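Trainee: I would like a close look at one part of this model. Please pick the part, go through it slowly, and then tie it to the rest of the chain.

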Amino acid sequence: MKRFTQLYAALDETTKTNEKVAAMVDYYASASASDAAWATYFLSGQRLRQLIPTRLLRTWGAEAAGIPDWLFDESYDAVGDLAETIALVLPEAKSDDDASLTHWIEERLIPLRKLDESAQRGRLMEYWRQLDARGRFVLLKLVTGALRVGVSRKLVTRAIAIHSEVPAETVAHRLMGHWKPTAEAFAALIDPNITDAAVSTPYPFCLAHPIEGKASDLGDVEQFVAEWKWDGIRGQVIRRQGRTFVWSRGEELMEDRWPEIEAVAKLLPDGTVLDGEILACDDGQVLSFGQLQRRIGRKKVGKKLMSEVPVAFFAFDLLEEANQDLRQTTWSDRRNRLETLIDRIGDTRLQITRRMDASSWSELARYRDDARQQFAEGLMLKRRDSPYSVGRVRGVWWKWKIDPFTIDAVLIYAQRGHGRRASLYSDYTFAVWNEGQLVPFAKAYSGLDDAEIGKVDRFVRNNTNEKFGPVRSVTPELVMELAFEGINESNRHKSGIAVRFPRIVRWRHDKKPQDANSLDDLKAMLNLGNDQ
């Protein structure tokens, strides 16, 4: 545990990629297989389910620190993070515990869930006495299921590859799916002799870079082919050994979620893996993401919903054919094979995404301008000679998105952020006007720089009207321009509107609250190619 805490601190204290990788490599060099497995689990973004309610941690933290509740609350208000607050106010550790990370997780923390409150309190008090401030902080993040480590899965894969001398692509492949944090699983992860992946294992996804300048800067347009950048659920359909598996890009095995796709996948030859997009689609016509959203998150789908929102799998790549990995062949070769396969299946539940060849960038730009009418987000540009790479490799695939929707809105609520922003009010709720009242419609927390966040934080503290737990209602004075990718009608929101991926474009110092947009302005955007 002490060693993992040191690793967490090393990762938290630097923004340099090579230093982060070096810290992880150093950790793996001395960690046991079981500790390395749990570390990999957490570094990859996995978490324990919350073990003890936050309200109890606050009470016990004040009690262990020997301070009144009001002083603890004031300390929490100043620090902004519960785990950090408790770690700082507790007295110094009375022992120097050196138990392994595995022992802490499996023998001490996970069993907490089955204990009553009294026993939980006793155990936690004991654990706090055994750890220093950093150790307590990590412990509490584990207990609350809120541990966030500042590394990407790609960096973790790179570190393990350096440590084990196993190719990074192989490590990435083995980490896909429901990877278990056991010593055996970690030994298999770094074993150079293992070549066979599990029958259900998907391939690491190839990702695209956004085009930041002019598309024409990419070079000769005839080296590229365009496809719609769909607004759906990216996934892989696997057919191996007579079984079907549907994986999301988030590495979730989506069993029984998409019966139509699982049914048509049975028609695929054994040893086939497709990459593509799950879309709501009725009689060949793609529907909006708002319709697809009605089925997202449902473990089981009833016949009524299936009839109202049918789905199809729009394939755009063939990764495996007859058990042969095709990823290092060219996009053109994979596409030709895919077209042959889809034609042979001949089922509308399995379609191939349209390819758009063009002789000029202006011709592709005209396709892109039509994206919203197709319920797409823009175009994907792929080099005809490109392999199917692991992760986001520059120069292979590009995404040329349409301009987002924008709206001027008023900040009405604020909440503290997370991580390094835990002491700052950096998460905001925005509203637009409707019949003389401000109606909330979106939350956003990205887009401002550190200096601007500091200014908003001071405004929030000086202009708070009411407190609702961690949320503060503020005087409606600040106007921000928000951008978002899509907009749908929603009966779950007070405004009747839901927007996708809202973020702050700029702080409109030139506008007063009354200059902000209205709910009618938002509703007018519904007719621009979104939910109809």
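Mentor: I will take helix 6, then its partner, then a few sites elsewhere.

Some ground rules come before the detail. This is a predicted model, so local features need pLDDT of at least 70 and side-chain atom pairs pLDDT 80 or more, while totals for chains, interfaces and linings use all residues. Residues are numbered from 1 along each chain as its sequence is written, and side-chain values use heavy atoms, with hydrogens and water left out.

The protein has 19 helices and 23 strands. Both are DSSP runs, numbered from the N terminus: helices are H or I with at least four residues, strands are E with at least two. The radius of gyration is 26 Å, close to the 24 Å of the globule rule for 532 residues, so the protein is as compact as a globular protein of that length. That radius is taken over C-alpha atoms, and the rule is 2.2 Å times the number of residues to the power 0.38. Along the principal axes, the C-alpha atoms fill a box of roughly 70 × 70 × 50 Å. Of the 532 residues, 51% count as buried. Buried means under 20% relative accessible area, exposed over 50%, and partly exposed in between, with a 1.4 Å probe and protein chains only. Take the contacts with a separation of 6 or more: residues 24 or more positions apart account for 71% of them. A contact is heavy atoms within 4.5 Å.

Now helix 6 itself. It spans residues 82-89. At its start, a side-chain oxygen of Asp81 comes within 3.1 Å of the backbone nitrogen of Ala83. The buried residues of helix 6 are Leu82, Ala83, Thr85, Ile86 and Ala87. Their cover includes helix 4 (54-65), helix 5 (69-79), helix 8 (117-130) and helix 9.

Axes are lines fitted to C-alpha atoms, for helices over the stretch in contact, and angles run from 0 to 180 degrees between N-to-C directions. The crossing is right-handed. By convention, right-handed has the near helix turned clockwise from the far one by less than a right angle, left-handed anticlockwise. On the helix 6 side, Ala83, Glu84, Ile86 and Ala87 take part; on the helix 9 side, Ala133, Arg136, Phe137, Leu140 and Lys141. These residues divide into six nonpolar, no polar and three charged. Here Ala, Val, Leu, Ile, Met, Phe, Trp, Tyr, Cys and Pro are nonpolar, Asp, Glu, Lys and Arg are charged, and the others, Gly among them, are polar.

Follow Lys141, in helix 9. Lys141 counts as buried because its relative accessibility is 12%. Beyond four places in sequence, Lys141 touches Asp81, Ala83, Ala146 and Leu147.

Another buried lysine sits in a strand. Lys382 lies in strand 12 (residues 376-383). Lys382 counts as buried because its relative accessibility is 1%. Its side chain makes a polar contact of 2.8 Å with that of Glu227. Leaving out residues up to four places away, Lys382 also touches residues including Phe316, Trp331 and Trp397.

Next, the loops. Met176 lies between helix 11 (168-175) and helix 12 (183-189). At 9% relative accessibility, Met176 counts as buried. Glu251 is 75 residues from Met176 in sequence, yet their C-alpha atoms are 6.3 Å apart. Beyond four places in sequence, the contacts of Met176 include Arg153, Tyr203, Phe205 and Glu251. Glu165 sits in the loop between helix 10 (153-164) and helix 11. At 74% relative accessibility, Glu165 counts as exposed. Its phi is near 60 degrees, a positive value in a residue other than glycine. Phe501 also has a positive phi, near 55 degrees, in the loop between strand 22 (497-500) and strand 23 (503-507).

How values were computed: A polar contact is a pair of N or O atoms within 3.5 Å; within protein, one must be able to donate a hydrogen and the other to accept it, and residues adjacent in sequence count only if both atoms are side-chain atoms.
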